[in-house]
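Let's read a fold together, one feature at a time. Take a look at the model first.

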Amino acid sequence: MILLKNVLLQDQPAHILVDGGLIARISREPFSVPGALEKDCSGKAVIPGFYNMHTHAAMILLRGIHEDLSLYDWLGNIWKIEAGLDRDFIYWGTKAACLEMIKSGTVGFNDQYWFAPHARQAALEMGIRPVVSFIFLDSGKPELALRQREACERLYRRSLEWEDPSTFAVSIHSVYTVCEDNLRWATDFAREHGLRIHLHLAETALEDQDCRKAHNGLSPTRYFESLGIWGPDVIAAHCLYLDDRDVEILGRHRVNCVHNINSNLKLASGFRFRYNELRDAGANVCIGTDGAASSNNLDILEHMKNTALLQKAWRGNPADMPLQELMDCATVHGAKALGLDGGVIREGARADLSLVDTRGVAFLSPAPLAANLVYAAHSDVISDVMAGGRWLMEDRHIPGEQEILSAARTLLDRINHN
């Protein structure tokens, strides 16, 4: 048991007991529990932990390798490098990614990358909750498509031995990299076994145009609907090029739509993410960083600020993307997409939380905590992070950090020399 004493909750002092991985008690009045480890949180505020709902974690070791390129040119270069990656790269790359995510308040992430068991193991050792997946990416090659189905079945059977099988999902890379037979097979397989489906959707104008040409005028969203892909078990990243009919479809099927603002901007893919329309239609909107090779960092707080600023700017309305909705997109909406009772500070919820040091200059203003946190502070004000009732970081210290960085540098030297 852990007792957080004198912590600010919604700008008022509180005392929070964590027991069995859950928030067991919240009180405005001081209390004690025999045997509980007490932590004095004076000068700190508590917020829900963040969920990074779309990333390729180990790509942190490819950060900055190919800059100033559009998506398709960038992918062409990245795929050449990825052909030579191995399990060690994924394991240590994911550990390095977890360092960066934890230091910016992330307690769980939805990953789409290679060697999924090794990514999962790395994340679990760090204490952060991963969802890893088998990726379908067959480039229209029938032999490869069949091999991927067999590989997916093998990995699924292996996942049944995991302590939490719900951390395994099926990924469909995109409409332009997966043949129709595999789109149908992967969807049916996921539904048959109760797995989530993680995919890229409508990321660029070219993707939209090519799909319409290839499929009788159907947008990617409508083409996927014709195949029966959509449902509340789908996590769709990017969702940039959507018309009104697309928005209605995603909302009606309660799809989890992930906004990846930094990556979209940096690759010049687009910026007019239709948050208001998706929200009103019934979609569950979340926030993700994408991989650090395209967004260049895994800092959800930075992505939150950019999300809000761009929504206000392109819509010409400073009232758009209000702070509470922004916080919800980064917390409770992500937990909902993953089927978790988390992302909130209340009794009975998962103890996924961060402590924010409010003693610095960013919090001198009497403004609400969320305003100062999102618009004035940086992620280094997040001093402590807990996931499932376990401390991942205390006072900015993460166990094993130097070993992880050293191993990651060794891998980078090997890649650079080859």
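**Reading the sheet and a helix pair**

A: 4 bridges join strand β6 (residues 50–55) to strand β7 (residues 106–111), and the two run parallel. Strands pair if DSSP finds at least two bridges between them; helices (H or I, at least four residues) and strands (E, at least two) are DSSP runs, numbered from the N terminus. This is a predicted model, where local features need pLDDT of at least 70, side-chain atom pairs count only at pLDDT 80 or more, and totals for chains, interfaces and linings use all residues. Residues are numbered from 1 along each chain as its sequence is written, and side-chain values use heavy atoms, with hydrogens and water left out.

Q: Which residue of β7 does phenylalanine 50 stand opposite?

A: Strands of a sheet pair through backbone hydrogen bonds, either parallel or antiparallel. Here, phenylalanine 50 faces threonine 106 in β7.

Q: What is the strand order of the open sheet?

A: Its 8 strands follow β6-β7-β8-β9-β10-β11-β12-β13, with parallel pairing. β6 and β13 (284–287) are at the edges with a single partner strand each, so one side of each has no neighbour in the sheet.

Q: Is β6 mostly covered or uncovered?

A: Mostly covered: 6 of its 6 residues are buried, meaning under 20% relative accessible area (1.4 Å probe, protein chains only).

Q: At what angle do the axes of helices α11 and α12 cross?

A: Axes are lines fitted to C-alpha atoms, for helices over the stretch in contact (heavy atoms within 4.5 Å), and angles run from 0 to 180 degrees between N-to-C directions. The axes of α11 (residues 300–315) and α12 (residues 323–330) come within 10 Å and cross at roughly 140 degrees.

Note on methods:
Buried < 20%, exposed > 50% of the residue type's maximum accessible area, 1.4 Å probe, protein only.
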